[in-house]
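Take a look at the model below, then follow it through its charged pairs, cores, helices and strands.

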Amino acid sequence: MEQDRSARPHGAGEVGRRPAWRRRARRLCRAALAAVAVMGVLLLALDRLFPLPAPYADGATVVVAADGTPLRNYPSRDGIWRYPVTRDQVSPLYLQSLLTYEDRWFRWHLGINPVAMARAGWQWAVHGHIVSGGSTLTMQVARLIDPQLNGKPSRSIGAKLRQVWRAVQLEMHYSKDEILSMYLSRAPMGGIVQGVEMASRLWLGKSARNLSAAEAALLTALPQAPTRLRPDRHPEAARQARDKVLDRMVELGRWSSAEVADAKIETVAAPPLRSRWLAPLAAQRLLREARPPGGRRDKRPPVLASNLDVEIQDRVEQMLLDRVDSLPPKVSMAVLVMDNDSLAVKAYAGSADFSDDSRYAHVDMVTAIRSPGSTLKPFLYGLALDDGLIHSESLLMDVPMSFGGYAPGNFQASFSGPVSVSQALQRSLNVPAVDLLDRVGPAHFASVMLGGGVRLRMPAGAVPNLSLILGGGGTTLEELVGAYRALARGGLSGKPRLRPDEPRVESRMMSAGAAWIVRDILEGGGHPDRPFYQAQSGAPGKRLAWKTGTSFGFRDAWAVGVTDNWTIGVWVGRPDGTPNPGYFGANVAAPLLQDIVSALPDGPQRERVRPDTVKAVVTCWPLGLRLGSVLDGTCPEQRPAWALNDTVPPTFAGYADGAQAPLRLTGLSNGSVLRPVPGAERVAVDVDAQGTEGDIWWMLDGRVLGHGPAGRPFRVMLAQDGRYTLTVMDSRGRYDRVGFEIAGVTAR
């Protein structure tokens, strides 16, 4: 038997034992895997049973300008101001101080730092209470987003376990950068301020992108005791906390002693926390548009971006405040400034003073529907140019006229007689504009305006009529600004873009040539023979083509203008529509427009290029024809003019002789109701006719009452109540008529 044992092959025992070792190893691996699986299932189950709160589900919103400057803060449900940012939007100096001072192992741990937790546990065991929490940045974020932890003591065992669990959940659902962004956006910074960006803006007056080492250390220290370290109330305590962070950065070798010494020289001072709103009505509009209909407050986005320029907005608001005290009570103002290239709105003032409720401060007059007065006239003349009806020196008549009973007058209550197109547009004469609209067609004009983004609102059931050109259809300041941009960009209007994500919308309102001619008329009078633009005063990019308007009863005063780079609109009036006598576009809105233009940046210089479709021609006034095309060779007066598409139309029929103005019945207005004087049994009406020649005939309801030479008044005697139509006709067959009513005499 002994020899048999010695004869056993060498190593056979080891071979026999190896399968047992492997079996034990396999059992251990299976047990470990099972434990991991059970732990994973348990974590998933707990995660589903106790889900993480949404990081920004509390309704805090900040509306920001194009450069990120906060314009208006909308607090969360508990009154917190917050400005969410990512690590890429924060100074690297702040990230260095934060991660070095708060959590050096942030990139490596799984939400909790075992070493820090062990140290905290040992201190608790020795002292009988929690001395340090051992919290990581992830655990701090967990406390900030969990309503059961936020703002409550976290040094109990139960609270600490909940915080640990939330930290693990955060690591399960979010990347390290996402968790870091949550801290950057929610860290308490004193008072109602949370997040490094909001703190930097309010305490330091700058973006968190531009923090110095001292400022980075200060904002790193603030969350340690945000109430006790508020820099506006406790600057010395804040300085000491900042210096502690700076010293720690030297100890750990992150910053040099020289850098920290320089940083400690900076003082700690902050202005009192206050709410300074810019563009409050624009912010309110952005918030309203971002929230879905019926949406809850906590569904609004945390950051709303705009295209507004902080400096331009601030200048415009200051200009309004400087002027508001000189206006009558309850009068407000509105201004919109748009960049012509990008269509971005750079200034948006919907009211004169947002703090003055007596002036209806919360009514946004940028979007309010108002009568545009004469501000639509440039588009009518552009349409007439494109239709080949006129050139810049075509003869128009500013004389009393009746258009089917509609007899417009001028703002100055006088008439100028024969005028050119350029004169009529520059002086904003009403009768030539109504006459031109009558030839173009109100419906056609309204459709062109609608295509360009200007919707002319009419009373219910009404159709476009001749009053449109004098403000008979409502529009908005925003629509007018978008339309006027066509004068500076080849006839293309643009929809103003308040948000950077809004689509770019352009529409053709007129040809490039028509836009060039209209702009030249508004800017310099439209004379091809005048010295060119270099001879004009002011910066080339600030040359202003502008138009004013005043609605009926002095309810609305307008001024809208374009430069190479900007389109600016100004409105002045009472939001409730009450008349404001004595305040009209030229004396109240135009000066503000010009001041705003002077304050705007020059922008890129542009070479003014005249379109190939626009030619300078010499015409014969008042015939309107090109010099040399008159058959008999007569040319009473030579006038240079701008012609579009080489079209030089003749003067409208009957206009060449200024004495042959359109016939108009005077002395009786259309729709009048006449009553007899007390004791009289008849109504006597003295009427006359202007613009007549030869004999004239007077007819009442088609019956001839009499006739006589032109220029002699005629008396109509009526003794019965009822409706009548009086007509006057001259020897050339021209006529005018008015309808009126007699009441208070006898039954007809």
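## Charged pairs

Glu-171 and Lys-176 join their side chains in a salt bridge, with 2.8 Å from N to O. The model is a predicted one. Where does this pair sit, buried or exposed? The cut-off for buried is under 20% relative accessible area. Glu-171 has 17% relative accessibility, so it counts as buried. Lys-176 has 14%, so it counts as buried too.

The search of the whole structure finds 39 salt bridges. Side chains of opposite charge can pair when their charged atoms come close. Another pair is Arg-230 with Asp-232, at 2.7 Å from N to O. Arg-230 is buried, because its relative accessible area is 7%.

Now turn to Arg-606 and Asp-341. Their side chains form a salt bridge at 2.3 Å, N to O. This pair links distant parts of the chain, 265 residues apart. Arg-606 lies in the loop between helix H20 (585–599) and strand E15 (614–621). Asp-341 lies in the loop between strand E6 (332–339) and strand E7 (345–349). Arg-606 counts as partly exposed, at 36% relative accessibility. Asp-341 is partly exposed as well, with a relative accessible area of 30%. Salt bridges also build a network: through shared partners they join Arg-285, Glu-289, Glu-478, Arg-499 and Asp-501.

## Nonpolar cores

In soluble globular proteins, nonpolar side chains tend to be buried together. Here the largest nonpolar core has 85 residues. Which of them touch the most other members? They are Tyr-381, Phe-445 and Ile-469. Helix H19 (residues 512–524) gives the most to this core, with seven residues.

Follow the contacts of Tyr-381. Leaving aside residues up to four places away in sequence, Tyr-381 touches Ile-390, Leu-396, Val-421, Ala-424, Leu-425, Pro-432, Ala-433, Leu-436 and Val-518. A second core is separate and holds 47 residues. Among them are Leu-52, Ala-213, Ala-214 and Ala-270.

## An enclosed helix

Just after H8 comes Gly-205, with a positive phi of about 70°.

## Strands

Start with strand E1 (residues 61–64). In a regular strand the side chains alternate between the two faces of the sheet. In E1, Thr-61 and Val-63 point one way, while Val-62 and Val-64 point the other way. All of these are buried.

E1 runs antiparallel to strand E2 (residues 70–74), joined by four bridges. Val-63 stands opposite Arg-72 in E2. Five residues lie between the strands of this hairpin, and in it Gly-68 takes a positive phi near 95°. E1 also pairs with strand E5 (residues 303–305), in the parallel sense, over three bridges. There, Val-64 has Ala-305 as its bridge partner.

Another sheet is open and has three strands, in the order E17-E19-E22, with antiparallel pairing. Its edge strands are E17 (664–666) and E22 (714–718), each of which pairs on one side only. Neighbouring strands of this sheet are turned by 30° against each other on average, direction ignored. Three bridges join E17 to strand E19 (residues 683–690). Leu-665 has its bridge partner in E19, namely Ala-689.

Notes:
Residues numbered from 1 in each chain as written. Predicted model: local features only at pLDDT ≥ 70, side-chain atom pairs only at ≥ 80, totals over all residues. Heavy atoms only, no water. Pairing = 2+ DSSP bridges. Helix = DSSP H or I, 4+ residues; strand = E, 2+ residues; numbered from the N terminus. Axes fitted to C-alpha atoms, helices over the stretch in contact; angles between N-to-C directions. Core = buried A, V, L, I, M, F, W, Y, C linked by side-chain atoms within 4.5 Å. Buried < 20%, exposed > 50% of the residue type's maximum accessible area, 1.4 Å probe, protein only. Contact = heavy atoms within 4.5 Å. Salt bridge = Lys/Arg side-chain N within 4 Å of Asp/Glu carboxyl O.
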